[in-house]
Amino acid sequence: MKKIEISRRKFLQGSVTLCVYATSSLSSTIDISHTQKNHIENIPYLCNMCRNKCAGFARVVDNKVEKLNPNRYFPKSRNMLCPKGNAGIDALYDRDRLKYPLIRIGKRGDGRYKRVTWDEAYEYIKDKLVTIIDEEKDNRSTIAYCNGEGFNKDEYIKFFGSKMGSANFLDEGSICLNTKLGATQLTIGDVGEMDVAGSDYLIISGANRYESLITPDSVDMIHTKQKLVVLDPRCTVTALKADEYLPLNPGTDLAFCLSMIYIAITEKLYDKKYVKEYFKDFDKLQKHIVENKYTAEWAESKTHIPSKKIEQITKEFFGAKNPLYYLGRRSVWAQNDFQLRRAMVLINALAGSINREGGIIFGKPFVLKEEEINEPFYNASGGRFDLDGIVYGSQKGGSWLNFREKVINKTTPYPVRAMFIRKHNIMQNMPNIAKTKQMLNMMDLVVVLDTMPSDTAMLADVILPECTYLEREDMVVSFNRLEPSLALRNQVIKPLYESRSMQDILKGLGQKLSKPLFEISAKYDEDLQESIKDMGMRKAFKEGGYDFTELYKKSVEDRNKDLIVAQFGKDIYSSLKNKGVWHPYIEEEKELYNDYYEYYPKEKRFYTVKRDYKVNCYLQKLQKSGFDPMPTWHKHYDFVLPQNSFRLITGRYVTSTQTATTNNIMLKEFKEKNYVWINNKVAKNLNINEGDYLVLSSAVDSVVIQAYPTNKIAPQVLWFAHGFGTSSEELTNAYGKGASDNMIIEDKFEKIYGCATMHETNITIRKL
């Protein structure tokens with residue numbers, strides 16, 4: 001494909017943004033060129049361009065960020081910044097970023113907004129919420145709120161959940177990796193951490209470490225002498241780097257794992273001492289696996305991987321010193337995903353690769369004291385409903401697709417009338433976009449906190465511009481288990497335009513909402529009425545915890561200082577402010593070669609810790625709920641397609657973090673748009689050439705995307721990258737580029753954790 005060159009001059013010129021009323025312009029160009037360079041600083045910060053949170057130093061000249069460099073002191077990020085991390089400077093200076101509070105003046109979705117003051121925005125929200133909550137007789141759960149992955153999520157929950165009183169919080173877990181987290185927690189009692197660097201034999205199912213997410217895990221794989229085996233329907237960059245690449249049918253990784261367990265048990269390859277000491281219900285697992293005859297020949301019929309190869313890999317894995325079946329860091333694929341992750345954990349456990357070098361480690365992270373707040377009790381607030389019909393689910397983040405389905409079908413126990421959305425582009429992040437739009441159009445109030453005019457922001461009633469991660473300090477965070485450390489996101493420059501940090505936004509909201517909403521509770525809540533009689537209105541308000549600004553009596557900077565100094569001391573606080581990082585051996589770090597450092601001496605790392613735990617083979621709650629208590633294959637898991645159909649699978653590039661980076665001009669130069677991968681022989685038979693436009697249709701919608709014929713994908717499989725196809729015209733670098741996978745992915749979800757199953761959609765194609 002031809003590379004489209006992007007002019008950097010265009011990036012530095014002009015300023016066109018949202019259609020506004022009664023203002024000539026929403027933006028002014030940020031000039032990052034300087035004739036005089038007087039004051040130079042290198043300020044430590046933590047990246048926010050993906051979930052890995054690498055550490056860096058920002059070179060700031062006269063209060064303008066000129067360069068982002070890696071921070072060598074941080075064990076987690078190993079003195080590196082990936083392409084997204086380097087492009088964080090454009091997240092700061094993107095000409096399209098949100099600059100001022102906005103209120104919708106047109107129809108929802110038409111992009112017509114007027115610029116307002118922060119006070120006007122808060123007043124608008126207050127008036128709407130007071131009406132809604134009064135009409136719902138103080139049921140605070142009529143407000144739903146969501147927040148994607150990030151440092152401030154817990155604080156956001158405290159504001160809307162603990163203080164405001166809504167039960168309906170949703171996060172990225174049910175459209176990401178909750179099945180993996182849950183399967184690990186339920187099987188060995190902890191999510192753990194994978195010691196990739198210590199492994200000498202590594203199996204990866206689906207995760208594309210060298211192409212979709214370049215993090216220290218990827219660096220560890222490069223620096224480690226290990227055999228790498230990759231299973232994937234697509235020949236990814238990771239597959240190309242592997243010692244063994246095993247192409248398999250989508251959704252059949254579980255069959256491969258079941259066969260590995262069968263071979264390990266029947267040929268007694270497992271770690272007998274470990275199994276005797278730590279396994280619970282091993283006899284049930286053994287009976288189940290053997291009686292179902294999950295042989296290599298059986299697995300070949302499901303996966304398309306030769307039985308001899310399955311046997312070879314299994315024997316090599318269990319014969320290695322420190323083998324690891326990598327659990328993955330990506331979204332759910334199929335209905336059997338929870339059982340797949342369970343099987344992966346059981347394979348590691350059978351090899352004794354739990355709580356030891358090269359396996360799943362428990363480690364010893366630093367535990368930060370939580371800030372306490374006074375939580376009001378709301379008698380009228382309804383409970384969450386999105387986990388109805390889900391066996392486990394995340395009590396914290398719920399199930400997005402189940403929530404949305406109940407809202408649009410009006411099967412909720414009470415109306416959901418308002419939604420606050422932060423760090424979550426819900427119009428692009430979950431399957432069947434049409435349903436998300438339908439849900440938002442049912443709301444009386446939609447408020448979006450964002451840095452960019454995303455597809456979701458364009459459906460908001462009120463848009464509140466949040467500042468970027470380089471413009472704020474966040475609360476200190478504890479990282480890692482093997483080599484634990486503390487790290488601090490320091491503020492690099494003051495917020496540009498009229499953007500504010502989340503804390504400042506919530507403080508302003510709290511000042512407007514606290515007393516009016518308290519008065520509604522006083523109107524309907526008999527217990528509160530009694531408290532007011534006993535102690536008076538003012539005291540009942542204060543002692544009852546109804547002040548939403550309680551967390552914000554002090555700045556984030558002062559809160560950090562108080563917490564860190566009290567728990568760890570002044571020297572550690574100083575290290576966090578000057579280096580961005582602290583761990584016990586920070587003054588003893590050794591450069592091994594070429595800017596690659598040793599942080600903890602090996603003998604000081606927490607490969608093994610004293611811990612009481614069991615490997616749970618049999619989950620009784622699943623059995624009682626009508627599900628398999630142990631990993632099991634069912635006929636409907638077989639890879640079978642209707643005639644003339646293809647199975648769609650998705651992934652992403654290292655230059656994309658879902659849709660958050662879609663408008664970044666620096667990253668656009670790498671991947672301007674996505675193409676659909678189609679097997680070259682299939683393409684030839686259908687007279688499809690590279691660059692041809694295809695209509696891809698599913699049961700829910702259609703998209704148009706250009707073709708990329710290749711021999712690196714199976715004949716019945718299509719693939720294209722997530723993070724493209726934005727519909728917001730205000731994202732001038734991204735609009736109209738490529739196609740959105742979630743337009744056509746069907747909104748199916750598994751019932752153990754309520755997670756969206758991203759690889760169960762069948763597609764037909766038509767050439768334009």
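Which residue of E29 is the bridge partner of Leu648? The close-ups below come from a predicted model, and the opening view takes up this question.

**View 1. Strand E25 sits between two partner strands, E29 and E30.** In E29, Leu648 has Leu718 as its bridge partner. The pairing of E25 (residues 646-651) with E29 (residues 717-721) is parallel and runs over five bridges. With E30 (residues 761-767), E25 pairs in the antiparallel sense, this time over three bridges. Leu648 takes part here too, with Thr761 as its bridge partner in E30. In a regular strand, side chains alternate between the two faces of the sheet. Look at both faces of E25: Phe646, Leu648 and Thr650 are buried on one side, and Arg647, Ile649 and Gly651 are buried on the other. Because six of the six residues of E25 are buried, the strand is largely enclosed by the rest of the structure.

**View 2. Strand E28 pairs with both E26 and E27.** E26 (residues 676-679) runs parallel to E28 (residues 702-710), and four bridges join them. Within this pair, Trp677 stands opposite Tyr708 of E28. E27 (residues 693-697) is antiparallel to E28, with five bridges between them. Here Leu694 stands opposite Ile705 of E28. Follow the chain from E27 to E28 and you pass through a hairpin of four residues.

**View 3. E19, E20 and E21 make up an open antiparallel sheet.** The three strands are ordered E19-E20-E21. E19 (477-479) and E21 (581-582) are the edge strands; each has a single partner strand, so one side of each is left without a neighbour in the sheet. Three bridges join E19 to E20 (residues 485-487). Among the residues to look for is Phe479, whose bridge partner in E20 is Ser485.

**View 4. Helices H9 and H12 pack with their axes within 9 Å.** Two packed helices are described by the angle between their axes and the distance between the axes. For H9 (residues 253-266) and H12 (residues 296-303), the crossing angle is roughly 175°. Angles over 145 degrees count as roughly antiparallel, so H9 is roughly antiparallel to H12. H9 contributes Ala255, Phe256, Leu258, Ser259 and Ile263 to the contact, while H12 contributes Ala296, Trp298, Ala299, Lys302 and Thr303. Sorted by class, the residues in this contact are seven nonpolar, two polar and one charged.

**View 5. Helix H15 is largely enclosed by the rest of the structure.** Eight of the nine residues of H15 are buried: Trp400, Leu401, Asn402, Phe403, Arg404, Lys406, Val407 and Ile408. Their cover includes strands E7 (143-147), E8 (168-170) and E16, together with helix H16 (433-441). Past the helix comes Lys410, which has a positive phi, near 55°.

**View 6. Thr412 lies in the loop that leads from H15 to E16.** H15 spans 400-408 and E16 spans 418-422. Is Thr412 buried or exposed? Its relative accessible area is 18%, so Thr412 is buried. A polar atom of the Thr412 side chain is 2.6 Å from the backbone oxygen of Tyr414. Beyond its neighbours within four places in sequence, Thr412 is in contact with Phe385, Lys406 and Val407.

**View 7. Asp281 and Asn355 have positive phi values.** Most residues other than glycine have a negative phi. For Asp281, phi is near 70°; for Asn355, phi is near 60°. Asp281 is in the loop between strand E13 (279-280) and helix H11 (282-291), and is partly exposed, with a relative accessible area of 23%. Asn355 belongs to the loop between helix H14 (337-350) and strand E15 (360-361). With a relative accessible area of 7%, Asn355 is buried.

**View 8. Leu667 is a buried residue of helix H23.** The helix covers residues 665-668, and Leu667 has a relative accessibility of 3%. Which residues does Leu667 touch, not counting those up to four places away in sequence? They are Pro83, Lys84, Ala87, Thr655 and Thr661. As a landmark, Pro323 is 344 residues from Leu667 along the chain, and their C-alpha atoms are separated by 36 Å.

Definitions and conventions
Residues numbered from 1 in each chain as written. Predicted model: local features only at pLDDT ≥ 70, side-chain atom pairs only at ≥ 80, totals over all residues. Heavy atoms only, no water. Axes fitted to C-alpha atoms, helices over the stretch in contact; angles between N-to-C directions. Parallel < 35°, antiparallel > 145°, perpendicular 65-115°, else oblique. Contact = heavy atoms within 4.5 Å. Nonpolar A, V, L, I, M, F, W, Y, C, P; charged D, E, K, R; others polar. Pairing = 2+ DSSP bridges. Buried < 20%, exposed > 50% of the residue type's maximum accessible area, 1.4 Å probe, protein only. Polar contact = N/O pair within 3.5 Å; in protein donor to acceptor, adjacent residues only side chain to side chain.
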